[in-house]
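Have the chain open and follow along.

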Amino acid sequence: GTDKKAKEVCKPLGLSVRGTGGEHTPIGSDGTVDISPSNRLFIKECEIIARLYEGVRLLMEKENPKKAVAAAPVESIENSIQPSDTRVRTSSGKVSSPFIPSSSSSSGNALRLNVKVTSAKGLKSVKAMWGTKIERYCVCTFNGEELRTEGAKGTSPSWGSAGLLEFSTCDPGKIDSGEITVQVFDGKSNKIQGSITFAASKVPKDGKMVATLKEEFDLDPQGSIMIEGWCAKV
């Protein structure tokens, strides 16, 4: 589809549409877009998720009127999920939401993995018009979940608090056996500039709310990135 068509369909449903490169970027060549709730200020996180769920539910019904998707009350969403990133990535042909509430509850020893991408250096220079600096953003993947930071400019970007990513609650065993992948993208072309994969077990499962992992990793093919991590008890 097109930017115009996607916005026409999503706006009445309370959803904002943008490209995967961030604000003011077009839909990807394969039709991939980022969808988020239009209203995200001065409301509770559970209300943001509820509005996203409801908007995506209605969008799915527009695509396939014969297949209804059940509505979920705010209380159900608040009690079952507390994600940090409320965007849904969708292709031009399908719409899906990772925030559909689950009837199962987390176990008493469940943990939430927190990864903070603080800064990077030595990244490949990218040409830009009028001497402007290109933004870089990071995509972090763990246990099948993908989260993205906001953009930061320069070949030595610093994300600060915008680099904090909170993954969904999981069993400690997932951290023992899983891997964390961090990829740095050029915000102009959305191409990968560097990546690193390391064992999630490097992050201690002590349940403390402070960074227990602080390490600088070499990126492939060039540059380095500073990553912090900790596991919070749920």
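Strand S4 (residues 111-121) and strand S12 (residues 224-233) run antiparallel and are joined by 10 bridges. Strands here are DSSP runs of E with at least two residues, numbered from the N terminus, and two of them pair if DSSP finds at least two bridges between them. This is a predicted model, where local features need pLDDT of at least 70, side-chain atom pairs count only at pLDDT 80 or more, and totals for chains, interfaces and linings use all residues. Residues are numbered from 1 along each chain as its sequence is written, and side-chain values use heavy atoms, leaving out hydrogens and water.

S4 also runs antiparallel to S8, with 3 bridges joining them. Here's one bridge from each pairing:

Zooming out, the open sheet has 4 strands in the order S8-S4-S12-S11, with antiparallel pairing. S8 (164-166) and S11 (213-218) sit at the edges with a single partner strand each, so one side of each has no neighbour in the sheet.

As for cover, 8 of the 11 residues in S4 are buried, meaning under 20% relative accessible area with a 1.4 Å probe, protein chains only.

Definitions and conventions: Buried < 20%, exposed > 50% of the residue type's maximum accessible area, 1.4 Å probe, protein only.
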